[in-house]
Amino acid sequence: GVSISIFWLTDVLVNFRTGFFSAGKLIMKPSQIAWRYLKGWFAFDVFCILPGWTYLILQAFSVGQDSGQIVILQNIRMVRMVRYLAVLRLVRLTRFSRVFDRLSWKIVGFSTVVMWVTPLMWVLLVAHVLACMWYNIGDDDAGWVQAQGIQTEALTTKYLSSIHWSMSQLQGSSNVFPHTFDEYGFAIFVQVMALIMSCFFVSSVVTRVLTNSRLQQRKADCWALATHLSSTSQELTGSTIPFELIEAAFEGEFFEHREEQVRQADLLPLLPRQLVRNLMTEMRSSTVRCHPLFALASGKFPNCFLDLLSDGFHNQIVAENEVVFRRGDACDEMRFIAKGYFEYKQPEVSGGSQLSLTSVEEEQAEGSRSSGALTEALKSTTSIFSAAKPDIQAKVTAGASLLRKKQWISEAALWTVWENQGKLKAVTPSTLFVINAEAFQKLVFCYRGFQWVSTMYARQFILQVNEPGASDIMMPPASFKWDPDHIPELETVQELPFETQLPAHVAARVCRACVILASDIAANGLDERRPHHGFTIIVGSSEALKGCGRSDFNPFQGNNVSVLGADGGLEDHAVDLLRRNAFHADGAIVVDGISGRVMAAGWFVSDISLGGTQGGARSRSARAVAQQAGGCFVIKASEDSRGTLHLHLHQDSVKFKGQLTMQADDNGA
């Protein structure tokens with residue numbers, strides 16, 4: 001009795017120090033543990049252990065053995081039996097049913113074993129508890145232990161006699177009978193419990209048989225879908241989806257509530273979004289990452305890359321000899337070859353920017369300018385030109401280009417209005433990963449950083465499209481032309497061009513300040529690294545220029561803003577104002593050649609006839625105004641300059657890319 005009472009008291013104390021999980025987080029704070037236990041099992045545990053300790057205390061302090069005291073102790077002994085109700089706490093073991101359910105997915109036949117073993121284990125557990133209680137009641141001078149004469153027998157004999165009696169109450173008979181009032185009361189209680197347990201056992205077995213049948217059917221349906229998904233990936237890309245992802249898809253609790261939907265609807269819409277993103281990443285990423293722009297996105301903008309793979313791309317299955325597009329078809333989709341071979345034939349291609357092994361090697365020769373994911377993408381692009389099997393080559397039409405896995409086509413559709421320049425036909429049963437231009441733009445606009453990089457890439461790509469011989473197969477621009485991390489630093493320090501030819505109304509220090517400012521904007525963009533859209537700075541006589549053009553809206557009129565600071569260097573405040581108010585607008589920025597004061601922004605040249613006919617309006621305006629107002633120093637940067645400036649003075653022009661340092665200019669000329 002003492003050891004049992006101490007055990008249950010210790011159990012109460014331990015529960016005040018036993019942590020628990022809440023929302024997946026382990027809670028070990030003593031106050032929270034105590035509060036949770038006080039609200040839960042504490043009252044029940046105290047109710048179970050109190051009679052036992054009361055009996056032990058009264059027995060220890062009893063003075064005499066009169067009949068009244070004996071009756072009290074016997075009554076307390078009967079009440080003490082309620083401590084066995086503590087075994088009801090074993091219902092906590094039901095939480096292990098989730099473990100059994102998860103194991104049933106992984107071990108063949110495990111669910112069948114669990115179906116039969118679990119009820120049997122519960123019966124044995126109840127029989128063991130009843131045996132212990134039966135022996136504790138009968139271990140008295142007039143009890144059944146004395147009547148059977150086993151009080152001096154080994155513990156094993158006592159336990160077997162007790163367990164035999166408890167099992168016989170469920171089914172069969174026993175030669176052990178109750179002799180005392182306590183034993184009769186307990187025996188009647190056990191008979192009622194036996195009736196209830198028999199019904200429970202039968203119903204439990206029937207329920208588990210039906211549940212197991214449903215489980216097996218659900219497993220068969222789910223794994224059939226999983227096998228289909230994996231085989232589809234194998235057919236589409238030549239690679240399988242890792243087992244861990246498939247297992248994660250079909251262990252989720254959502255299947256328990258959507259069995260009919262799983263059978264009747266498509267699989268992917270029912271899966272969690274993050275799981276779909278992971279599946280699409282495994283299926284499509286290795287193919288899509290071969291393109292340098294998408295390779296950069298996977299490294300620097302992973303969320304954008306995942307959205308593109310899961311929401312932007314879709315699969316297109318192509319039969320052998322099926323024509324995907326013909327020359328002149330309107331095109332708004334870029335296609336990646338995920339599996340199979342295609343032939344592309346263009347009626348007439350005259351050099352230029354077609355994707356070729358030579359151009360790829362030239363790009364890789366820029367080794368110092370490309371690194372990381374971009375270099376790997378270019379290496380992967382080179383590998384696709386390895387020779388195809390002879391039977392594949394025999395199917396290719398003479399004069400056609402053979403395309404294979406991890407190559408792309410019709411990229412121009414993402415960046416401009418495009419018509420296919422040739423015919424694409426499948427040589428073998430194949431699969432394409434297709435992204436629509438509208439879907440691409442919608443997703444990219446959600447990620448400002450990648451939008452900026454894409455804008456720089458698009459400008460360089462359009463330059464290649466505008467070259468002679470444009471094709472559906474085009475080499476991506478060199479990374480150092482569009483990737484911000486690979487734009488070369490301006491390290492060359494040069495003298496100011498035309499410094500000795502400047503007219504008297506144009507000071508070298510003002511020209512030098514404007515060139516330094518223009519070089520920074522051309523190379524690094526505007527605030528928050530946004531790209532500029534091309535600009536022109538005119539340094540000349542403010543009075544003479546009044547008759548050469550106009551400004552519809554001049555934010556600098558009436559303000560004294562100078563590009564020169566007190567020390568002769570760039571004025572930071574003026575630079576900030578120009579970035580926010582001048583370089584965003586169309587038209588030129590006019591700076592006085594002597595004082596460095598900003599006279600106007602959004603200024604347009606009235607007569608550009610002196611600028612000739614070459615180039616666009618901005619280029620012709622820059623050349624024209626350089627010859628007007630007694631001669632002006634004109635700085636012009638195109639939107640794709642990447643640090644290169646065009647400088648004009650009178651009829652002379654020169655390209656400039658380098659650094660200038662501010663120098664003392666004592667004579668002001």
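These are my notebook entries on a predicted protein model.

**Ground rules**

I count residues from 1 along each chain as its sequence is written, and my side-chain values use heavy atoms, with hydrogens and water left out. As the model is predicted, local features need pLDDT of at least 70 and side-chain atom pairs count only at pLDDT 80 or more, while totals for chains, interfaces and linings use all residues.

**Entry 1: confidence**

I started with pLDDT, the predictor's confidence in each residue, from 0 to 100. The protein chain averages 75, and 69% of the residues score at least 70. Residues 91-96 have three contacts beyond four places in sequence; contact means heavy atoms within 4.5 Å. Residues 252-265, also under 50, have 21 such contacts.

**Entry 2: the largest nonpolar core**

A nonpolar core is a set of buried Ala, Val, Leu, Ile, Met, Phe, Trp, Tyr and Cys residues joined through side-chain atoms within 4.5 Å. Buried means under 20% relative accessible area, exposed means over 50%, and partly exposed lies in between (1.4 Å probe, protein chains only).

Which residues have the most contacts inside the largest nonpolar core? I found Phe294, Leu308, Phe313, Phe336, Trp415, Phe440 and Phe450, in a core of 43 residues. Several elements each supply at least two residues, among them helix H13 (273-288), strand E6 (333-339) and helix H19 (437-444). Helices (H or I, at least four residues) and strands (E, at least two) are DSSP runs, numbered from the N terminus. Helix H20 (448-465) is on that list too, and H20 gives the most, with eight residues.

I followed Trp415 next. Leaving aside neighbours within four places in sequence, Trp415 is in contact with Leu293, Phe440, Ser454, Tyr457, Ala458, Phe461 and Ile462. Apart from this core lies another, of 41 residues, including Phe498, Leu517, Val563 and Val598.

**Entry 3: two helices meeting**

At what angle do H14 and H15 pack? I read about 125 degrees, with the axes 5 Å apart. Axes are lines fitted to C-alpha atoms, for helices over the stretch in contact, and angles run from 0 to 180 degrees between N-to-C directions. H14 and H15 are therefore oblique to each other: under 35 degrees counts as roughly parallel, over 145 as roughly antiparallel, 65 to 115 as roughly perpendicular and the rest as oblique. Phe294 and Ala297 of H14 are among the residues making the contact, as are Phe305 and Leu308 of H15.

**Entry 4: strand E17**

Strand E13 (residues 535-540) runs antiparallel to E17, joined by five bridges, with Thr536 partnering Lys636. Strand E18 (residues 645-649) pairs with E17 over four bridges, also antiparallel, and Phe633 stands opposite Leu649.

**Entry 5: an open sheet**

My last stop was a four-strand antiparallel sheet, ordered E4-E11-E7-E8. E4 (323-325) and E8 (401-403) stand at the edges with a single partner strand each, so one side of each has no neighbour in the sheet. Neighbouring strands are turned by 30 degrees against each other on average, direction ignored. Strand E7 (residues 342-345) pairs with E8 over three bridges, and Tyr344 stands opposite Ser401.

Terms used
Pairing = 2+ DSSP bridges.
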